[in-house]
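Work through the following exercises with the sequence and the model open side by side, and try each task before reading its solution.

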Number of protein chains: 2
Amino acid sequence: MSIVVVGSVAFDSIETPKGKRDMALGGSANFFSVAASHLSKVQLVAVVGDDFPQNHVDWLQERGIGTEGLTRAEGKTFHWKGLYGDDLNEAQTLATDLNVFADFEPVLPGSYKEASTVFLANIDPDLQRNVLEQVDNPNLVALDTMNFWIEGKLDALKKTLAGVDLLFVNDTEAKMLGAADNVVTAAHNIQEMGPKIVVIKRGEYGAMLFHQNDIAFCPAYPLDEVFDPTGAGDTFAGGFLGWLDKVGDINSQTLREALAVGTVMASFVCEDFSFDKTKQIGLTDLHERVRALQKITAIPENINIL
Amino acid sequence: MSIVVVGSVAFDSIETPKGKRDMALGGSANFFSVAASHLSKVQLVAVVGDDFPQNHVDWLQERGIGTEGLTRAEGKTFHWKGLYGDDLNEAQTLATDLNVFADFEPVLPGSYKEASTVFLANIDPDLQRNVLEQVDNPNLVALDTMNFWIEGKLDALKKTLAGVDLLFVNDTEAKMLGAADNVVTAAHNIQEMGPKIVVIKRGEYGAMLFHQNDIAFCPAYPLDEVFDPTGAGDTFAGGFLGWLDKVGDINSQTLREALAVGTVMASFVCEDFSFDKTKQIGLTDLHERVRALQKITAIPENINIL
């Protein structure tokens with residue numbers, strides 16, 4: 001079993017109420033890969049510039065992440081600059097320098113084509129669809145997107161969604177894409193577009209999962225200090241899909257497990273800048289937080305109102 | 001076992017994206033009582049004007065709600081007028097006519113003084129403290145408050161909180177009162193002020209419970225149509241405290257049960273205006289939604305990440 005992820009590898013310059021960091025390693029494919037690599041084999045497809053440090057590539061390889069699909073182009077690596085206020089649920093983008101990412105055309109190495117899971121991080125839906133044409137017969141295709149594409153390339157996005165099994169999307173974007181003010185209705189409307197599984201990310205309020213007629217919910221792991229939420233969504237997706245790829249079966253039970261694993265994975269990335277925290281954790285840390293979440297969310301089985 | 005609730009009985013004129021209703025029955029004590037009366041004996045303390053319909057008082061009595069403490073004063077009943085936009089989490093207040101509620105001075109009938117549970121709905125914290133001086137020795141004193149008192153009468157509120165076991169408060173108010181941007185830190189700061197139990201209401205995102213060092217979380221019951229959320233907070237409190245008063249014991253397990261019962265009780269009130277839905281439901285309806293919530297929130301017990 002293995003996962004192919006297509007997305008960005010970037011430098012992030014971030015300011016939050018807790019601190020400031022220039023040119024930290026980030027990017028959707030990077031956050032996803034590091035998270036998923038705790039659980040399964042990951043193969044990365046992204047582009048970086050000639051300024052990108054080789055030691056980070058080495059580090060990805062040491063984590064078992066395949067970097068054959070990480071190409072170097074002439075120019076600078078994608079750079080994002082953002083500011084978080086006291087409401088850490090939303091960042092204010094100060095600068096988006098696409099640089100070499102502007103001409104990104106994902107090409108999958110031959111060894112990637114038999115991946116069991118594909119994660120299409122937030123890029124142009126036409127490029128996402130192009131990737132799908134390059135893979136053989138994955139068990140699960142998951143996609144992330146954002147308001148930029150929902151507003152600007154809705155037809156292309158819908159065309160891509162028709163070939164996708166699972167969509168990760170945030171609350172506002174779900175309502176926009178599903179054309180409904182109610183999140184349940186929005187999710188059901190999105191399911192009609194293709195993805196039979198819709199996972200709605202709600203930041204500090206947790207995540208909801210819709211799978212056919214089944215609904216599941218997991219709150220965010222409660223942290224008394226959120227340092228920097230950058231990458232939380234892709235880290236969540238990495239934990240979620242890493243778990244599904246590891247267990248190799250997709251059903252009501254494994255999806256609920258994936259929701260919990262994604263949630264706790266995301267909690268770690270919020271505790272420091274970049275990969276400073278997630279690179280330190282192991283399976284025991286994930287396990288402990290999942291056990292804690294079970295305790296937090298459990299409604300006693302023997303409650304009897306009648 | 002019995003519950004005393006002190007708060008408002010009102011007329012609400014409401015517009016939501018789903019419809020409009022003039023002079024519907026509402027008010028914190030009213031919503032609380034109707035909810036709690038499904039589970040325990042409730043005794044109401046409130047004031048209405050001479051315009052208040054006797055048939056509603058009769059109806060409360062038919063539900064087993066004690067109305068000896070419901071006084072009639074010369075003048076009009078409290079009237080609130082509000083508008084909800086597409087974001088049903090927050091109402092825009094168009095008018096607040098306090099009328100007879102402006103001079104409300106709660107006096108507990110002798111038969112109320114031995115109540116096992118006291119709920120002080122959102123009124124002036126000095127009045128709330130005055131009520132506490134009139135009860136003998138309740139098992140549990142719970143209080144609701146709002147930004148108006150946190151901003152305007154913080155010292156009085158803190159004095160009252162020192163004698164309270166449980167605080168219901170919404171997300172924004174918790175952060176304001178607990179002087180922290182992080183909800184976990186805010187809750188812990190509030191626990192230092194007196195209430196060993198803090199319940200944070202987050203509207204469509206559910207509710208969090210902090211009890212000593214224990215944390216519990218319950219999502220809102222997923223509705224595909226929210227008609228009118230007016231009274232959801234007090235209905236939640238009614239289900240929560242009704243359950244605790246019924247089971248007569250306060251511990252980690254019963255508090256989790258109360259969180260679920262309050263959550264499903266609140267889901268029903270949102271499905272129609274005023275009491276149009278909650279007056280129709282029975283224990284079977286509550287039971288079924290609690291069972292559904294158990295399924296929605298359960299993280300499989302046998303998950304093993306190691």
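**Exercise 1: the surroundings of one proline**

A:P219 lies in the loop that joins β13 (214-218) to α8 (232-247) in chain A, helices (H or I, at least four residues) and strands (E, at least two) being DSSP runs numbered from the N terminus. This is a predicted model, in which local features need pLDDT of at least 70 and side-chain atom pairs count only at pLDDT 80 or more, while totals for chains, interfaces and linings use all residues. Residues are numbered from 1 along each chain as its sequence is written, and chains are lettered from A and ligands numbered from 1 in the order in which they are written.

Task: determine whether A:P219 is buried or exposed, and list its contacts.

Solution. Begin with the count: 24 other C-beta atoms lie within 10 Å of A:P219, so the residue is buried (20 or more is buried, 12 or fewer exposed, in between partly exposed, with C-beta atoms placed from the backbone). Then, leaving aside neighbours within four places in sequence, A:P219 is in contact with A:G206, A:I296, A:T297, B:F217 and B:P219, contact being C-beta atoms, placed from the backbone, within 7 Å.

**Exercise 2: the two chains**

Task: describe the side of chain B that touches chain A.

Solution. Start with the totals, where 37 residues of chain B are in contact with 37 residues of chain A. Next, assign elements: α7 (183-191), β13 (214-218), α9 (252-269) and α10 (283-297) of chain B each supply at least two residues, and the largest share, nine residues, comes from α10(B).

Key:
Two residues are in contact if their C-beta atoms, placed from the backbone, lie within 7 Å.
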